[in-house]
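Me: Could you walk me through this model, one question at a time?

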There are 2 protein chains.
Amino acid sequence: MTSTALRTDRYELTMIDAALRAGAHERPSVFELFARRLPDGRRFGVVAGTGRLLEAIEAFRFGEDELAWLDRERVVSPETLDWLAAYRFRGTIRGYREGELYFPGSPLLVVEAGFAEGVVLETIALSILNYDSAVASAAARMVSAAGGRPLAEMGSRRTGEHSAVAAARAAYIAGFGATSNLEAGRRWGVPTMGTAAHAFTLLFPTEGEAFAAQLAALGPGTTLLVDTYDIRRGVENAVRAAGTGLGAVRIDSGDLDVVVREVRAQLDALGATGTRITVTNDLDEYAIAALAAAPVDSYGVGTALVTGSGSPASGMVYKLVAHQDAGGAWLSVGKTSEGKATVGGRKQPVRALRDGVAVSEDIHVEDPPVDALAADAGRLLHVPLVTDGEVHTAALGPDGVAAARAHHAAAIAELSADGRRLSRGDAAIPTRYL
Amino acid sequence: MTSTALRTDRYELTMIDAALRAGAHERPSVFELFARRLPDGRRFGVVAGTGRLLEAIEAFRFGEDELAWLDRERVVSPETLDWLAAYRFRGTIRGYREGELYFPGSPLLVVEAGFAEGVVLETIALSILNYDSAVASAAARMVSAAGGRPLAEMGSRRTGEHSAVAAARAAYIAGFGATSNLEAGRRWGVPTMGTAAHAFTLLFPTEGEAFAAQLAALGPGTTLLVDTYDIRRGVENAVRAAGTGLGAVRIDSGDLDVVVREVRAQLDALGATGTRITVTNDLDEYAIAALAAAPVDSYGVGTALVTGSGSPASGMVYKLVAHQDAGGAWLSVGKTSEGKATVGGRKQPVRALRDGVAVSEDIHVEDPPVDALAADAGRLLHVPLVTDGEVHTAALGPDGVAAARAHHAAAIAELSADGRRLSRGDAAIPTRYL
């Protein structure tokens, strides 16, 4: 298990250094991870990365190599090095289930621990949740735009090589059906897909020979890429090579709304009525929605998905919201500077429902009243993630991903049709502090 | 060394499978990595990630775990599994130096290898170069906007936890002076910085006590964050606690142009004339430029930097441009479909210069004439990166990063002042195919 401990901003460690010298490092504290607002015009966000974060917390240990480097660079004092050497997170974290929807101010994670123990997780928690949630939030809009047609994530080449794996995972949680990324298949159980690129066609003297070679290896159920030279001839060559039982054709260029109709008509005329059409040309949620009336069978999405479709970072922050004073009394705290005020205190969020439809995000600053959680009134949004340093295993690995995908489907079904629309607007439900 | 081989789109392997069955997998081939265009309105791009890619190529091996998973999932045939088991890249790669500028069509990497050997590197090469170059390209504009004032990269929390390290590295290559990311310090030799967040101030009963604790641990040269409560009182408390020898104050909120002037006047009035002011509030290249006349001493940049300031993926592609036919004759190839045509053939790029100023990106489709490379006429842009499978070590590790940073500084100095301006325009120099 590679240590994740240096994937951390230097100031987390210098704060520990100073707190330790002041004797304040073990002061019981509550940190909260939340987004002040949704990306401009978005109606909801989708939490993703929780399972990855829990694995990163398990691997958050300062080993010999990390300590030697920190020592050599004089980042912290020898006393702090000793403290870091003994570090493992022993606190408690509760938070939104992975796959859950969120709104402005939703307390996505609540971390209870000594100050130093909790503050040191800030950078890694934000890196993972900000990126993964940006992808999941964009993905959910694309799934909504696709209206039930399947989507595949194909953006590995448009984001860092590790983020690519996280993006495939996040998109799957938000309802995509598959990914091109093999590591996401191995690591997280996401179904993988893909057949051939233009390079394969270009390797052979004719398109027909390339198709024949692909069919020989992958069978007639494969997807043939028909736009290397001329789409009309490509479709002709495809059906000639594969027969009318060809699985699918893929189109990666051109004015898709027009081209797809022509290709469908051509396939049908050739008798390939069961051959599907998949399109992959720089799609985002709006382009997908614009193809709703076209005879597209599935979509492959790359750049827009893995870069959050215009909102590549979710804007989540990690803030100290309460701590004990030297006498052991709890204090709610919050920054008061302009435009960035924080609501202090420990929070318990409830998704208030009416007839099964989400109506508000109710954030109780202390425990919610019992009737807020009565059968149809709402549901508690927090689940235990880490208890006294023990990570709850349900959120981990491929099983955690499958659970998050199922939970996302249930949570988004609570949203009104208006709340799911693509057009710009306010958050689908209001956030209320109670 | 963790295998990088599954950070790959599935279709790379199914193409190998089909090519192998057709006996075409070893056909000598040339692949090229390039960007068809710059992000909208940008005048130049900066190549980054080359050193990381070379390390990823060295680790691109299919080990037992990878092969077992591919077998279990029936991704490819048993024959292809054998081929993958024996895979290591034995071809030749030449390309732009890391840190070099690029323009539309610049052939950033030219990969010469058997078809299968070369095609399988597509995904990893694009993941790394697209992301790292997006960050470096944004960073170079920020460095230009800062007009010599130092910049620090602080965006780790706004991008995936591995991309964070790559972003810190890319920003440093493009002229940033430091990063908050500790792993980038350890792994790539980037100087690290950072002192404290608002949480630290909130942990103490008063701001003055928090400052005293920080000063006790980090000394008077530290940077105090003065905007947790009220900036004016924050500055007062800072100088009271540290004395007039305080290193710096940091401001992370408010209307910076106004606030910075007020803080400078206040610091000077208190006698802290040597105390620097650093600002870190959601900056991008335009906000930095807007502060040119304000008494800012340094900038910390986060979100905009690590997300490519509006262009989070560079749009680079990896294309087969030539291969031998079955008889051993070389063929230039290229896709002809609408809007995505590719210029075939092996290329040799030259940055043409006049009086030391770049005037055009000359792409010779065969070897450039000798006079194109005469003393002041231009310089060859390609350097050898991998020769017959042997990676040239000069580009690797922290030394490679230092060399890339130095090369970037030299390359950008060749650009005219007009080519460096922030405002939208065409590429700073035209690309010519000769």
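Reply: Happy to! A residue counts as buried when its relative accessible area is under 20%, as exposed over 50%, and as partly exposed in between. Please keep in mind that this is a predicted model.

Me: Good to know. Is helix α2 of chain B largely enclosed or open, and which of its residues are buried?

Reply: Helix α2 of chain B covers residues 50-58, and eight of its nine residues are buried, so the rest of the structure largely encloses this helix. The buried residues are Thr50(B), Gly51(B), Arg52(B), Leu53(B), Leu54(B), Glu55(B), Ala56(B) and Ile57(B).

Me: Stepping back to chain A as a whole, what share of its residues counts as buried?

Reply: Chain A has 16 helices and 19 strands, and its C-alpha atoms fill a box of roughly 80 × 55 × 35 Å along the principal axes. Among contacts in chain A with a separation of 6 or more, 74% join residues 24 or more positions apart. Of the 434 residues of this chain, the share that counts as buried is 64%.

Me: Now the pairing of the chains. What rotation superposes chain A on chain B, and what is the name of that relation?

Reply: Chain A is superposed on chain B by a rotation of 180°, with 0.0 Å of shift along the axis and an RMSD of 0.0 Å. That is the relation of a two-fold axis.

Me: How much area is buried between the chains, and which residues of chain A lose the most?

Reply: The size of an interface is often given as the accessible area lost when the parts come together. Between chain A and chain B that area is about 7,600 Å², with carbon and sulfur atoms giving 59%. On the side of chain A, 11% of what is buried comes from the three residues that lose the most, Arg157(A), Leu182(A) and Leu203(A).

Me: Is Arg351(A) buried or exposed, and which backbone oxygen does its side chain reach?

Reply: Arg351(A) is found in strand β14 of chain A, residues 348-354. With a relative accessible area of 1%, Arg351(A) is buried. Its side chain reaches, at 2.9 Å, the backbone oxygen of Leu101(A).

Me: And Arg405(A): where is this residue, and how does its accessibility class come out?

Reply: Arg405(A) has its place in helix α15 (residues 397-413) of chain A. Leaving aside residues up to four places away in sequence, Arg405(A) touches Tyr172(A), Ile173(A), Gly175(A) and Phe176(A). Arg405(A) and Leu129(A) are 276 residues apart in sequence and 16 Å apart in space, C-alpha to C-alpha. With 26% relative accessibility, Arg405(A) counts as partly exposed.

Terms used. Residues numbered from 1 in each chain as written. Chains lettered and ligands numbered in written order. Predicted model: local features only at pLDDT ≥ 70, side-chain atom pairs only at ≥ 80, totals over all residues. Heavy atoms only, no water. Buried area = accessible area lost by both parts, 1.4 Å probe. Least-squares fit on C-alpha atoms with pLDDT ≥ 70 in both. Buried < 20%, exposed > 50% of the residue type's maximum accessible area, 1.4 Å probe, protein only. Helix = DSSP H or I, 4+ residues; strand = E, 2+ residues; numbered from the N terminus. Polar contact = N/O pair within 3.5 Å; in protein donor to acceptor, adjacent residues only side chain to side chain. Contact = heavy atoms within 4.5 Å.
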